[in-house]
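Visitor: Can you walk me through this one? I'd like the strands, the cores and the charged pairs.

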Amino acid sequence: WDERLRTPDPDASWPDNRTVSFGIYSRDKNRQVVYDPGHSPESKYPAVMVPVWQIAPIKTNEKAVMFNLHSEANRRRALDHMIEHKVPALTAILQLVQDGKDTRPSSILFFPVFDTFPNSNEEDGEEDEEGTPTERRSVVGSVSIVFSWDTLLNKILPDYIKGMVCVLQSSTGQTFSYSISGDDVTLLGEGDRHDASYDGYGHHVQAR
């Protein structure tokens with residue numbers, strides 16, 4: 001890490017005193033907007049920044065523009081996985097910037113963008129220590145699909161089915177419960193809130 005690239009602390013001259021990441025922001029532990037330092041020491045790729053450059057629809061999503069996705073733990077974990085393994089990666093359950101303080105469990109699917117297109121005439125990349133072929137191309141960006149789980153659960157059941165409880169669990173231990181009646185989806189809150197007396201009718205689906 002080059003000390004010459006360290007971003008000065010905010011002062012009277014901010015944002016004019018910044019050396020990197022002009023216009024890109026993140027949020028502190030209190031979810032207050034702060035300028036982004038351009039460095040994530042918790043990551044395997046500390047110098048990587050992933051600001052939201054373009055988003056559609058822009059209406060209601062204005063707050064997300066220029067937010068550094070790599071600054072937040074759940075997003076960073078998925079992005080690092082995508083960069084390292086060069087495959088699409090799904091985040092854990094998170095709160096979207098554009099949803100403000102309203103609790104609305106959501107996730108982001110990151111799809112890697114490479115520096116070159118694959119060429120079927122080229123030989124495969126080298127193999128790693130376990131003999132698995134490695135990808136020669138480098139990840140230079142991502143295309144993301146942002147969705148809220150209530151939208152995904154909407155209209156998955158016929159109208160005559162009422163009161164089904166869906167418990168959403170992430171690999172990081174997050175749990176949220178929904179009540180689904182036809183196309184009506186209601187967030188019950190955090191935690192597993194299903195009636196244990198119906199456990200015999202439960203069905204588990206794992207997202208891959």
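**Strands, cores and charged pairs**

Guide: Strands β8 (residues 175-181) and β9 (residues 184-190) pair in the antiparallel sense over six bridges. Strands are DSSP runs (E, at least two residues) and helices likewise (H or I, at least four), numbered from the N terminus; two strands pair if DSSP finds at least two bridges between them. This is a predicted model, where local features need pLDDT of at least 70 and side-chain atom pairs pLDDT 80 or more, while totals for chains, interfaces and linings use all residues. Residues are numbered from 1 along each chain as its sequence is written, and side-chain values use heavy atoms, without hydrogens and water.

Visitor: How many residues sit between β8 and β9 in the hairpin?

Guide: Two, and G182 in the turn has a positive phi of about 60°. F176 stands opposite E190 in β9.

Visitor: Now the largest nonpolar core. Which residues touch the most other members?

Guide: L69, L79, M82 and F110, out of 19 residues in that core. The elements giving two or more residues to this core are α1 (73-85) and β5, and α1 gives the most, with four. A nonpolar core is a set of buried Ala, Val, Leu, Ile, Met, Phe, Trp, Tyr and Cys residues joined through side-chain atoms within 4.5 Å. Buried means under 20% relative accessible area, exposed over 50%, and partly exposed in between (1.4 Å probe, protein chains only).

Visitor: What is L69 in contact with, leaving aside neighbours within four places in sequence?

Guide: V50, V52, R75, R76, L79 and F110; contact means heavy atoms within 4.5 Å.

Visitor: Switching to charges. How many salt bridges does the count come to?

Guide: Three, where a salt bridge is a side-chain nitrogen of Lys or Arg within 4 Å of a carboxyl oxygen of Asp or Glu. E84 and K44 meet at 2.7 Å, N to O. E84 lies in helix α1 and K44 in the loop between β2 (33-35) and α1, so this pair ties together parts 40 residues apart in sequence.

Visitor: And R75, buried or exposed?

Guide: R75 counts as buried, at 4% relative accessibility. R75 forms a salt bridge with E72, the closest N and O atoms being 3.0 Å apart, and E72 counts as partly exposed at 23%.

Visitor: Which residue forms a salt bridge with D150?

Guide: R104, with the closest N and O atoms 3.2 Å apart. D150 is in helix α2 (residues 149-153) and R104 in the loop between β4 (94-95) and β5, 46 residues apart.
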